[in-house]
Amino acid sequence: MWFFARDPVRDFPFELIPEPLEGGPPGPWALHRGRKKATGSPVSIFVYDVKPGAEDQTQVAKAAFKRLKTLRHPNILAYIDGLETEKCLHVVTEAVTPLGMYLKARVEAGDLKELEISWGLHQIVKALSFLVNDCSLIHNNVCMAAVFVDRAGEWKLGSLDYMYSAQGNGEGPPRKGIPELEQYDPPELADSSGRVVKEKWSADMWRLGCLIWEVFNGSLPRAAALRNPGKIPKSLVPHYCELVGANPKVRPNPARFLQNCRAPGGFMSNCFVETNLFLEEIQIKEPTEKQKFFQELSKSLDSFPEDFCRHKVLPQLLTAFEFGNAGAVVLTPLFKVGKFLNAEEYQQKIIPVVVKMFSSTDRAMRIRLLQQMEQFIQYLDEPTVNTQIFPHVVHGFLDTNPAIREQTVKSMLLLAPKLNEANLNVELMKHFARLQAKDDQGPIRCNTTVCLGKIGSYLSASTRHRVLTSAFSRATKDPFAPSRVAGVLGFAATHNLYSMNDCAHKILPVLCGLTVDPEKSVRDQAFKAIRSFLSKLESVSEDPTQLAEVEKDVHAASSPGMGGAAASWAGWAVTGVSSLTSKLIRAHPTATPVETNVPQRPMPEGLPAPAPTPVPAIPTTSGHWETQEEDKDTAEDSSTADRWDDEDWGSLEVSSQDHKSLESDWSSWEAEGSWDQGWQEESSPERPPEGTRMASEYNWGAPEPNDKGDPFSSLSARPSTQQRPDSWGEDSWEGLETDSRQAKAELARKKREERRREMEAKRAEKKVAKGPMKLGARKLD
């Protein structure tokens, strides 16, 4: 039987890339890139080839192998695995790049900043302080070639070949025998008399001064060049001069050097160093300190290196949310760092956290997610949106906080293209119907109408036919004037989704009623819309062959072209939480129905003045918003979805640059329309002319005693909205038409109860009047 010797290099769990990296440590070690065979994760592999006749050098290499394996510190190169054979030594560490190569690449890219260097030097000095003060070890090889940089931009101290003990146990510094390294030795080493007084850290601090000079000025040509600081920052020059002073006794201890540099105005006194120090100790910080830190972190991220944000800040943010209960404060910096990730990394690291956040009951968390949805919506797929996001988002429609209800409505602009048939055409329409008819906040009712017009192109044909006309008609009867304007603009923006019969019999009658609206802005928009619809009807009347072209989108499953029309219909999302809605909510803090308190404009004299009739609120009927089973037409998501994020959410001005329809009247109507009039903030009514009576002074129930007609009587009174329930889950999920049925049932029950009490009272009276009957007596009538 034959036995074959196993090759330990071939069985090594790490694969080595043959070509060594440039800028590796001088001497026998060669730095290679590598990867772990099982996972493919990147590593660095230091390789030493054993050569005959170099026993001393081999012993130094083995000592370095042992030191790196036993020394563990965040600022010292991290050891992962190793292999020792008769022919070679393999030392596997975390994936790093030589400092010289890293700085060269950063300078060429124009991204190198003093902030990075300040933190890098801080890490090297901290490593030296650990070796000298805690381990009583002298590194004896501090230079540019001994420093490496990981993927997060962290500087690590390596090259432990020539390290020796500072205890003075007879071991002297090992001989290097490499001229490139001996030029960093301090001048006192040339004095063999031993009369020079020095500290154990003196030699390493001199070499630290050489490293600082090389970082800012390039390779050190000779020791005499240290006299000229060159490009070293002024705040660092005094401390640098202490390091390269001729007297080794005055060179500072590494710990004191850090303290001096971190003094106010010092080179290491900046937000980047402070942020890193806080992240290193974040596990022991108080919750209030963490909250304050994350709140202020977003302001500084723009000045931090991209690699640092991706590989150091992001993991800490994810950990703080997962295990530290950081809450909503991590959202802003999390999404800011997310911009540095590619699509695959975003899916792996950010999306699972976002999905989990949507299930949170924290209101601050929910509203921040809704406000910043545009930053991550493109990374969400449709199954995730429909099964894990939308079911939690819809709870916002029932929230008692108006700001959350408003943000939930506005978020539908982004979610609608990804919703399935049931969620979009049934569930969402049910909530929109409820908000438009019952919400006590006028701006939210207005935003609901606005949002419906924006997402109309994604609805199925049957839903559009049943919902749009009814919804916009209801909006034109809203007591909040901007809601009426939104209803008119909604008709105009979705004009291509209506048949000619609907335009003539359903839409124009509604618009004509608005020509006598108390608000001039509503009347102006109504007239423009009427002219546009009439122009459309007239063009079809003149040339009936255009009918098929004009109605091509009416029965389509979806209308991708609607995106352009919707985009040109004003700045759609009418407010932010901090703008109009918050102003109006502050102006009406109680949850009372919004009433029409707009200044009444007198009609021209001579018009008849019939007694006004209140217009009741339109209930939801089975022909309008009832959540029935839809037809089998499914809403196809538009491949050319509207770019909502390109619009100005704070502006309500109508834009017509991108909207081109078949008739020129449409574009001219959109260009003239404006949302700014009486809308950005609640304006106070104009003072009526002298002699004009207030509306409350009129006799609304009977004709005036004089012969002159009431100028206000021809205007229809606006209905007030219904009171909205104050808590989650108390609203009926049935159709709105059930309200009247419940009232009738309650009235009938009360009548039956009153009748029963009356009958019992009569029986009691008869029993008292006749008294008890005797046994055997016959009852006489």
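Reply: **A pair of crossing helices**

Let's begin with helices α13 and α14, whose crossing is left-handed (the near helix is turned anticlockwise from the far one by less than a right angle; clockwise would be right-handed). The model is a predicted one, where local features need pLDDT of at least 70 and side-chain atom pairs pLDDT 80 or more, while totals for chains, interfaces and linings use all residues. Numbering starts from 1 along each chain as its sequence is written, and side-chain values use heavy atoms, without hydrogens or water.

Helix α13 covers residues 351-358 and α14 residues 363-371; helices here are DSSP runs of H or I with at least four residues, strands are E runs of at least two, and both are numbered from the N terminus. The two helices pack at about 130°, with axes 9 Å apart (axes are lines fitted to C-alpha atoms, for helices over the stretch in contact, and angles run from 0 to 180 degrees between N-to-C directions). The pair is therefore oblique, since under 35 degrees is roughly parallel, over 145 roughly antiparallel, 65 to 115 roughly perpendicular and the rest oblique.

Which residues of α13 meet α14? They are Val354, Met357 and Phe358, and they meet Met365, Leu369 and Leu370; contact means heavy atoms within 4.5 Å.

For some surroundings, look at the open sheet of 3 antiparallel strands in the order β6-β8-β9; strands pair if DSSP finds at least two bridges between them. Because β6 (96-98) and β9 (155-157) each have a single partner strand, one side of each has no neighbour in the sheet. On average, neighbouring strands there are turned by 40° against each other, direction ignored. Helix α2 (residues 99-109) packs on this sheet and touches β6, β8 and β9, its direction making about 85° with that of β6. Between β8 (residues 147-150) and β9 there are 3 bridges, and valine 147 has leucine 157 as its bridge partner in β9.

Finally, a word on confidence. The chain's mean pLDDT (the predictor's confidence in each residue, from 0 to 100) is 76, with 71% of residues reaching 70 or more. Confidence is highest in β9, at 95, and lowest in helix α26 (residues 664-672), at a mean of 37.
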